[in-house]
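Subject: Structure handover

Hello,

Here is the structure I promised to pass on. Please open it alongside this email; my notes follow below.

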Amino acid sequence: MKINQQKQKKKKSQALQDKPTGISYLPRKGKKTIFFHILVFELALICILTVAAGPEITADIIEDSTLSTSKSEDEKNSEEIPVEDNVSSENNTEQLPNGQEDSSSVEQEEIPIATEIEDEHKNEMRAVWISYIEFSNRLEELGKKSFSKQDFQDFIDEAFDNCVTWNMNTVVVHVRPYADAMYPSEYFPWSAYISGTQGKDPGFDPLEYMVEAAHNRDLKFEAWLNPYRIAVNTTKASALSKDNQARKWLNSSSRNVLAFNGNLYYNPAKKEVRELIVNGVREIVENYDVDGIHFDDYFYPSLGNKAKPSAKISKANDKNYFDYKEYVSYTKNNDDPLSLVKWRRNNVNQLVKNVYSAIKDINSEVVFGISPAGNISNLLSKDSYFVDIETWLSSSGYIDYICPQIYWTFDNDEYSFDIVTEEWLSYYENEDIKFYIGIPVYKACAGKNSVWDWKQWNGKTTILKKQIKYCREMDEIDGFYFFSYQDFIRKAKKKEIKNLLSILN
């Protein structure tokens, strides 16, 4: 079934590519731009200006009009110019690599400006992810451990102004990266990425200012949360603030917090965990005028061969088995239990559905969306993520939008951008759900050792632009999320960003 759907999508994509270049086919909304209409408009404009300004201006206008249609945008930007090596993020949405660029590489001398938005793209989603890493980088630039109110507001004003300049319409900002909060919360401690120390009050409300600053610029604001992640590279309770619920649970026998591979996670199997996460979402929607709640790709960790106990070990509560002890208890109390894999997916589904319901009970206009990793085989595997994209994309009551992170080039041998996109669309059955694509700005012009597939990105400056053009031919795709803000202003990516912004109109 999925294979046939994928073939149909491929044929449709090819058919679109074979259509005359004078017509831009845009789906679902029924928007078609015909070259003849453009010509008529230009001739009408010439007549009006001729009457107003006399014949002297006519020749100049005609000459400019001819030049503007003599070269396609592809021809103008087809030259691929090698750029210097660049260090960027790893292949996920916010991990920093070793050898991170110094702050000078993020300096912005000239911010590229996108042209005026064409009518056919006015309703297209164009969102920028702004992660906690951007906050950390700004503090490093300032030479400070914590933000003052003015420092923070200056940073947000600068970032949001840039997003407006780039013709973006939405900002997606981390407000809970590690079981913490960038706002005063009843359920989570203050984030160290604001005050320098987890649990320390910075003396102002960052989220309140960000929402106001976004709306003042006609930008929508989505609050970005990582639901289960608590801490990385440590399993010590002492690494968490004393008012952190995760620390309290870790010091108890509740098993609401689990240690796995050197990291700490909330246990997806526990009802108390789901209630905590839902209450945290409810708190944001009740107290702030946010336009959306956003989860990314962090759900279950990759459990690998530790997904269940081996025959050699009898202790089902061994920490290496993550939530297996809860599964054993579940099977004992159910006559017809789900398999381990389905049970874990159901744990995530319960959280997603409860979050969706809580949001809609408060404000039906606030959207809830998820941005999963792009590799579907990983998502549907038996040992990691345990996200049920098939249910989410075919049912109501789970999400308002999906935004897979399709972070590869068209010529990737394993995960080519077009094939992966079409595979995702083959699962898309509920048209009430918006379908967006996560675009890897961080990989643009990638240099050696910066991303694992750097050779496919290095020296090329039109990949992102081509991804946008390709997606705009697909009926189902409603827009884009760009990861991430800091990569729009890196000097090493300047040529690629210029080409990308040239099409965001």
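Which residues do ring pairs link into a cluster? They are Trp129, Trp224, Tyr401, Tyr407, Tyr436, Tyr442, Tyr481 and Phe483. Rings of Phe, Tyr and Trp (its six-membered ring) pair if their centres lie within 6.5 Å; planes under 30 degrees apart are stacked, over 60 edge-to-face, and the rest tilted.

Two notes on the source. This is a predicted model, where local features need pLDDT of at least 70 and side-chain atom pairs count only at pLDDT 80 or more, while totals for chains, interfaces and linings use all residues. Residues are numbered from 1 along each chain as its sequence is written, and side-chain values use heavy atoms, leaving out hydrogens and water.

The overall picture

The protein has 19 helices and 13 strands. These are DSSP runs, numbered from the N terminus: helices are H or I with at least four residues, strands are E with at least two. Of the 505 residues, 53% are buried. Buried means under 20% relative accessible area, exposed over 50%, and partly exposed in between (1.4 Å probe, protein chains only). Take the contacts between residues at least 6 apart in sequence: 74% join residues at least 24 apart. A contact means heavy atoms within 4.5 Å.

The barrel

A closed barrel of 8 strands runs 3-4-5-9-10-11-12-13, and the pairing is parallel. Two strands pair if DSSP finds at least two bridges between them. Strand 3 (residues 125-130) pairs with strand 4 (residues 170-176) in the parallel sense, over 4 bridges. Ala127 has Thr170 of strand 4 as its bridge partner.

Helices on the strands

Helix 12 (residues 340-362) lies across strand 9 (292-295) and strand 10 (367-370). Its direction is at about 160° to strand 10. Helix 15 (residues 417-425) packs on the sheet and touches strand 11 (401-402) and strand 12 (434-440), at about 155° to strand 12. Axes here are lines fitted to C-alpha atoms, for helices over the stretch in contact, and angles run from 0 to 180 degrees between N-to-C directions.

Helix 15 is mostly covered, with 7 of its 9 residues buried. Among them are Phe417, Val420 and Trp424.

In helix 11, the buried residues are Tyr324, Glu326, Tyr327 and Tyr330. They fall within an arc of 150° seen down the axis of helix 11, so they line one face of the helix. The arc is that of the directions from the helix axis to the C-beta atoms. Helix 12 is part of what covers these buried residues of helix 11.

Aromatic rings

The whole structure holds 38 aromatic pairs. One is Tyr228 with Phe299: edge-to-face, 6.4 Å centre to centre, 70° between the planes. Tyr228 lies in the loop between strand 5 (220-225) and strand 6 (229-231), and Phe299 in the loop between strand 9 and helix 11 (324-332), so the pair ties together parts 71 residues apart in sequence. Both Tyr228 and Phe299 are buried.

Tyr442 and Phe483 also pair edge-to-face, at 5.6 Å centre to centre and 80° between the planes. Tyr442 is in the loop between strand 12 and helix 16 (454-457), and Phe483 is in strand 13 (residues 479-483), 41 residues apart. Tyr442 is buried at a relative accessible area of 0%; Phe483 is buried at 1%.

Charges over rings

The charged end of Arg176 sits over the ring of Phe188, 3.9 Å from its centre. Arg229 lies over the face of Tyr178, 4.1 Å from the ring centre. A charge sits over a ring if NZ of Lys or CZ of Arg is within 6 Å of the ring centre and within 35 degrees of the ring normal.

Best wishes
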